[in-house]
Amino acid sequence: MAEQQLIGALEAGGTKMVCATGYADGTVLEREQIATTTPQETVEAVNAWFADKDIAALGIGAFGPTAVNPASSQYGKILETPKTAWRYFDLLGTIQNELNIPCGYDTDVNVACLGEVTFGCAQGLTDVIYLTIGTGVGAGVMCAGRLLHGMLHPEAGHMLVRTRPTEEGRCVCPSHASCLEGLASGPAIAARWGKPAAELADNDEVWALEGDYLGQMCANLVLMYSPRRIVLGGGVMHQEQLYGIVRKKTLEYLGGYIQTAELKDMESYICAPGCGGDQGILGAAELARRALA
Ligand code: ADP
Ligand code: ZN
């Protein structure tokens, strides 16, 4: 029975690869972290770890941009990443050719969204957005039960946001003058305030500004995708005071224009991940289950 078969999950991130084995019910059996270095060295270590695990299928959540449409000639390749050594590296192909098992493949954030929908705080919902506010800002989008790809995949972390005059020149994104990732990611916070975000917990000004940007983001996402829930994860969201600020700012930016039952219960509507950090691995396990089915 497919449910009993051991499956593999890979969270392929820009700084580390998390490999795990488990079952389709979300049980994690073993896990291992491998540092992301050169593509060849990294993937060799990943393949070696999975090689003797006897998994029936593997789900992969990859850092982007990457080609996630199976019909694309680039499917499974990393695309124009700032990590130049990884550009056009055939991540999926290099793994699948070695392990010779069915593999599911999507972006890390789409996979985390799937993890929350399958095992976390968005169970039973078909329209959900998962965001990571960490080293970068990324968005996984599920619409009508399907992870959204479109021509590439959403890159909502780079949405343009409105800034204040004091924010002139603060955006650390090499591509944009005032995008969310460039102004609200962990590195953007550290660059603006002169120390790591984790050391700024007591500075209310930091989180008022951060909450304002994330509120703009959520309001824009509500207007564009009409999600039934927005899940905010990633290292920066360890500052739990942010959730309340973001909820309030989101409503402020929406200006009363949208009235739904969901928006009357903001604690549920904008929430923390329910998988406690395992949303990526659990989503990848669900991808693996689907690759088998
Ligand atoms: P990644 O995005 O690389 O996968 P994380 O989601 O852990 O990893 O995000 C890392 C970022 O989160 C770093 O920029 C770090 O400064 C920030 N961060 C980590 N812990 C905290 C914390 N407790 N408070 C605020 N920011 C944090
Ligand atoms: Zn940008």
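This is a predicted model: local features need pLDDT of at least 70, side-chain atom pairs count only at pLDDT 80 or more; totals for chains, interfaces and linings use all residues.
Trainee: How many helices and strands does the chain have?

Mentor: The C-alpha atoms of the chain fill a box of roughly 55 × 40 × 35 Å along the principal axes. Within the chain, the secondary structure amounts to 9 helices and 10 strands.

Trainee: Why is the chain described as being as compact as a globular protein of its length?

Mentor: For 293 residues, the globule rule gives 19 Å. The chain is as compact as a globular protein of that length because its radius of gyration is close to that value, at 19 Å.

Trainee: Which residue has a polar side-chain atom 2.5 Å from an oxygen atom of ligand 1?

Mentor: The surroundings of ligand 1 include Gly-134, Thr-135, Gly-235 and Gln-239. Gly-235 approaches an oxygen atom of ligand 1 through a backbone N or O atom, at 2.9 Å, and Gln-239 places a polar side-chain atom 2.7 Å from a nitrogen atom of the ligand. The side-chain contact with an oxygen atom at 2.5 Å belongs to Thr-135.

Trainee: How many charged residues does the shell around ligand 1 have?

Mentor: Among the surrounding residues are Pro-187, Ala-197, Ala-198 and Val-236, together with Gly-186, Gly-234 and His-238. By class, the shell has 4 nonpolar and 7 polar residues, and the number of charged residues is none.

Trainee: Which elements each supply at least two residues of the lining of the largest cavity?

Mentor: The count comes to 1 cavity of 30 Å³ or more, and the largest cavity has a volume of about 50 Å³. Its lining includes Ile-7, Ala-9, Ala-20, Tyr-23, Ile-281 and Leu-282, and by class it has 8 nonpolar, 3 polar and no charged residues. The elements that each supply at least two lining residues are β1 (7-12), β2 (16-22) and α9 (279-292).

Trainee: Which element gives the most residues to the lining of the second largest pocket?

Mentor: The second largest pocket has a volume of about 320 Å³. Of its 16 lining residues, the closest to its centre are Tyr-105, Asp-106, Arg-146, Leu-147 and His-149. Two or more lining residues come from each of β5, β8 (146-147) and α9. With 4 residues, the element that gives the most is β5.

Trainee: How many charged residues does the lining of the second largest pocket have?

Mentor: Asp-106 and Arg-146 are among the residues closest to the centre of this pocket. The lining as a whole has 10 nonpolar and 3 polar residues, and its charged residues number 3.

Trainee: Where is the cis peptide bond from Gly-64 to Pro-65, and what is its omega?

Mentor: Most peptide bonds are trans. Pro-65 is found in the loop between β4 (58-62) and α2 (91-99). The bond from Gly-64 to Pro-65 is cis, with omega near -5°.

Trainee: What is the phi of Asn-100?

Mentor: Most residues other than glycine have a negative phi. Asn-100 is placed in the loop between α2 and β5 (103-107). Although Asn-100 is not a glycine, its phi is positive, at about 55°.

How values were computed:
Residues are numbered from 1 along each chain as its sequence is written. Chains are lettered from A and ligands numbered from 1 in the order in which they are written. Side-chain values use heavy atoms; hydrogens and water are left out. A residue is near a molecule or strand if one of its heavy atoms lies within 4 Å of it. A polar contact is a pair of N or O atoms within 3.5 Å; within protein, one must be able to donate a hydrogen and the other to accept it, and residues adjacent in sequence count only if both atoms are side-chain atoms. Ala, Val, Leu, Ile, Met, Phe, Trp, Tyr, Cys and Pro count as nonpolar, Asp, Glu, Lys and Arg as charged, and the others, Gly among them, as polar. On a 1 Å grid over the protein atoms alone, a cavity is a set of points where a 1.4 Å probe fits but cannot get out, and a pocket is an open set with protein on both sides within 12 Å along at least five of seven lines; lining residues have an atom within 4 Å of a point. Grid points are joined across faces, edges and corners, and a volume is the space filled by probe spheres set on the points. The radius of gyration is taken over C-alpha atoms; the globule rule is 2.2 Å times the number of residues to the power 0.38.
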